[in-house]
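Please examine the sequence and the model below.

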Amino acid sequence: RPPETTYVSTKNQTINVQDNRGSGTPKTSAEITLHCSEIVGASLNVNLNRESRAKFTSICGHHAICTLVSKEHKGQGKYWFGIFDHQLEWFESLDVTNQWFALACGGPGLIFRIPVEEIIRLKDSLSSRYLEPPRDNTYWHVNIKNVDGRWEILTIKGNDNFILNDYQIVE
């Protein structure tokens, strides 16, 4: 089987590299992640510095953003994201007041900007997975779907879904 192509981004350049891990869907291009982050920055009226592929801090020092992009899954209007413990640890390591996950559904046309504290509060109502060494970390499944005309994060049985409409960025 030929290796998948993954786009690895540094602050000012994008390089194509071969990714021989797993058989999942190739990552969304770094350009789409960057475009979505620019929309998030504009919604906050701040300019951003790119710290890594998905992590951004505002030039003013008041905002930190982790931008994740999902493709639509199985034509069902459903989007899947993995929130990793290393992403939460990155936020914890910063002395920044406003911390956000920006979840882009299918690209720049549908983005939700959610405070990190809301994601932390939701963790117990999301399914999670532990990855064996060498990865040795945990991630939480965030599934977003339009349910009866409103966008929601789907939670595990016995919990209310988290309604996202107030977090949607409207250009």
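How many bridges join β3 to strand β4, and do the two run parallel or antiparallel? In this predicted model, β3 and β4, the latter spanning residues 55-58, run antiparallel and are joined by three bridges. Within this pairing, Asn49 has Thr57 of β4 as its bridge partner.

The pair belongs to an open sheet of five strands with mixed pairing, in the order β3-β4-β5-β8-β9. The edges of the sheet are taken by β3, at residues 48-50, and β9, at residues 111-115; each has a single partner strand, so one side of each is left without a neighbour in the sheet. On average, and with direction ignored, neighbouring strands here are turned by 25° against each other.

Helix α1, residues 30-44, lies across β3, β4, β5, β8 and β9, and runs at about 135° to β5. Helix α2, residues 85-93, lies across β4, β5 and β8, and its angle to β5 is about 165°. The buried residues of α2 are Asp85, Gln87, Leu88, Trp90 and Phe91. Their cover includes strands β4, β5, β7, β8 and β11 together with helix α3, at residues 116-122.

Glu72 has Tyr79 of β7 as its bridge partner. The hairpin of β6 and β7 has four residues between the strands, and in it Lys74 takes a positive phi near 55°. Strand β7 is also joined by seven bridges to strand β11, residues 137-147, again in an antiparallel arrangement. Here the bridge partner of Ile83 is Trp140 of β11.

The cysteines can be considered next. Zero disulfides are found in a search of the whole structure. Cys36 is in no disulfide, and the nearest cysteine sulfur, belonging to Cys105, is 9.6 Å away. For a disulfide the two sulfur atoms would have to lie within 2.5 Å. Cys105 is likewise in no disulfide, its nearest cysteine sulfur being that of Cys36. Is Cys36 buried or exposed? Cys36 has a relative accessible area of 0% and is therefore buried. Cys105, with a relative accessible area of 5%, is buried as well.

Aromatic side chains supply another group of contacts. The count of aromatic pairs comes to seven. One aromatic cluster is formed by Tyr79, Phe112 and Trp151.

Of its 171 residues, 44% are buried. Among contacts between residues at least 6 apart in sequence, 48% join residues at least 24 apart.

Key:
Residues are numbered from 1 along each chain as its sequence is written. This is a predicted model: local features need pLDDT of at least 70, side-chain atom pairs count only at pLDDT 80 or more; totals for chains, interfaces and linings use all residues. Side-chain values use heavy atoms; hydrogens and water are left out. Two strands pair if DSSP finds at least two bridges between them. Axes are lines fitted to C-alpha atoms, for helices over the stretch in contact, and angles run from 0 to 180 degrees between N-to-C directions. Contact means heavy atoms within 4.5 Å. Buried means under 20% relative accessible area, exposed over 50%, partly exposed in between (1.4 Å probe, protein chains only). Rings of Phe, Tyr and Trp (its six-membered ring) pair if their centres lie within 6.5 Å; planes under 30 degrees apart count as stacked, over 60 as edge-to-face and the rest as tilted.
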